[in-house]
Amino acid sequence: MRTLLITGPGGSGRTTLAAATALAAAARGTDTLVLGTDRTDTLGAALGVPTGPVPVEAAPRLTAWRPDPARDFRRDLTALQERASSALDLLGASRLDAEELTPLPGAEELALLRALRDAALSEKHELLVVDLPPVPQALALLALPEELRRYLRRLLPPERQAARALRPVLGRLAGVPMPAEWLYETAARWDVELAAVEAVVADRDTVVRLVAEPGPAGADALRTAGLGLALRGLRTDLVVANRVLPEASADTWLAGPVAQQRKTLDEWRESHDVRTVAHLGRDPRGADDLAALAVPGPGADAPAAEWPVTDRLGEDGVLVWHIPLPGALRDELDLVRRGDELVVTAGRFRRVVPLPSALRRCTVDGAALRDGELRIRFAPDPELWPRSG
C-alpha cells in the first residue's frame, strides 16, 4: 500500500485537496482510503458524504474514515484498568467508568497514529490518503512515535525485565516496591505499537505532500515545513500550490495578487516540484467540484532521504556526516553530543538521533552549514579506533 500524507498551513485547503486527490485516484481505478483528522467533519463537507468513526463509501472505490479519539481513549483506559486491576486493588483505588472518561491532551494524536497504522497495514486498499493537521501539529505528530519510544527505553529499559525474578528480593533489600510486571508489559506493548507506526511513516512507499497558497504566508509555512520534515528524514513528493488565480483576467484589482502568486511560484520552482490547482471562484463542495480541481495524482517514488557518511580520513583525517537541512539558518543551529546520540536543533525543531556505528568511536571535530546541508566532522578517537597494521 502507498501512503500519501497531506499537510499545509491552516486555511490552505489541504482537506479539500486530500479529498480531491483520493477521489481522483479512485476514479482511475485505485482502491483508496482517505483518513480525516479534523474534529469537525470538514472531510465529509468536501466529499459531500458525512464521515465518522465507521468507514463509509464516499464514491466507487473510495472509503472515507474519521476516527473518534474520545471513543478510543475510553476503550484504552478501560483496558488498562483491567490489566492493572491487582495493583489498583492493592492501592485501594476506585476505578473509573467508561462513561465518565474524557480524552486527555495527547489522546487525539495517539488515536490518529493508531488509525494511520491500522489503515496502512490493512490489505483492503491500494492507496491511503491522510489529511494531516496543519503543518506545526503535523510535524509534532509525525515525530511522536520516535520520541515516545526513546522515552520508554530510557524510563523502562527492556533489559531490566531479565531481572524479574530478583525484583521481590531487591524490593525487600531496598525497602521500596519494585516496578510491577504489568508496567513493563504495558511499556513493551506500547513500544511494539509505536514501532509499527514509526515503520509506516518511514516506509519507502510513504511520502508527504505539502499544500500551500502561493504568497508570503504560504512561503514561510513551506520553508518551515521543509526544514522540519528534513530533520525527521521524511520524504516529500510535490508542493501543490492551491487557489492559483488566472493570469489573464479582466479584473484590474487581481493584478497585484496575481503578480504576488507568480513571484512566489517562481521561487518555489527553484527548489521544489510544484503543481498548481486553479481557484474555482468558490469553496469546492461535492464530487463535481473536486473533479474540476484537476489535482495531481500520486507521483513517482520520491528519492529516499539519506544522511550519508563520507570517508575523508586519507585527505583530512575525518569522517563527515551529511544531514540535509534546507532552509536552516546558521544562527538557529545547535549540536550537542550525548554519548552515542547527537541532539540536533534547527530553528524550532529538535531531534535526538543515534550516531552511525563508525561515528560512535569518534569525537566531534566541527560542523558547517553549506547549501542547505549540515556537514559534521568526526575525528577518530585513538583509544577506540581500530589500529592499522
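Which residues in helix 5 meet which residues in helix 6? On the helix 5 side they are E109, L110, L112 and L113. Their partners in helix 6 are L141, L144, P145 and L148. This is a predicted model.

**Helix 6 itself**

Helix 6 covers residues 135–155. At 1.5 Å a residue, its 21 residues should span 30 Å, and its end C-alpha atoms are 30 Å apart, so the two values agree. The helix still has a kink of about 45° at L144, shortly before the proline P145. Both L144 and P145 are among the buried residues of helix 6. That buried set also includes the charged residues E146, R149 and R150.

**Two packing partners**

Helix 6 packs against helix 5 (residues 107–121) and against helix 9 (residues 216–231).

| Pair | Angle | Axis separation |
|---|---|---|
| Helix 5 and helix 6 | about 90° | 10 Å |
| Helix 6 and helix 9 | about 0° | 10 Å |

Angles of 65 to 115 degrees count as roughly perpendicular, so helix 5 and helix 6 fall in that class. The residues of their contact divide into 7 nonpolar, no polar and 1 charged.

V135, L139 and L142 are all buried.

Why might residues spaced along a helix share a face? An α-helix has 3.6 residues a turn, so residues three or four places apart point the same way.

Note on methods. Residues numbered from 1 in each chain as written. Predicted model: local features only at pLDDT ≥ 70, side-chain atom pairs only at ≥ 80, totals over all residues. Heavy atoms only, no water. Helix = DSSP H or I, 4+ residues; strand = E, 2+ residues; numbered from the N terminus. Expected span 1.5 Å × (residues − 1). Bend = angle between axes of the 7 residues up to and from the residue. Buried < 20%, exposed > 50% of the residue type's maximum accessible area, 1.4 Å probe, protein only. Axes fitted to C-alpha atoms, helices over the stretch in contact; angles between N-to-C directions. Parallel < 35°, antiparallel > 145°, perpendicular 65-115°, else oblique. Contact = heavy atoms within 4.5 Å.
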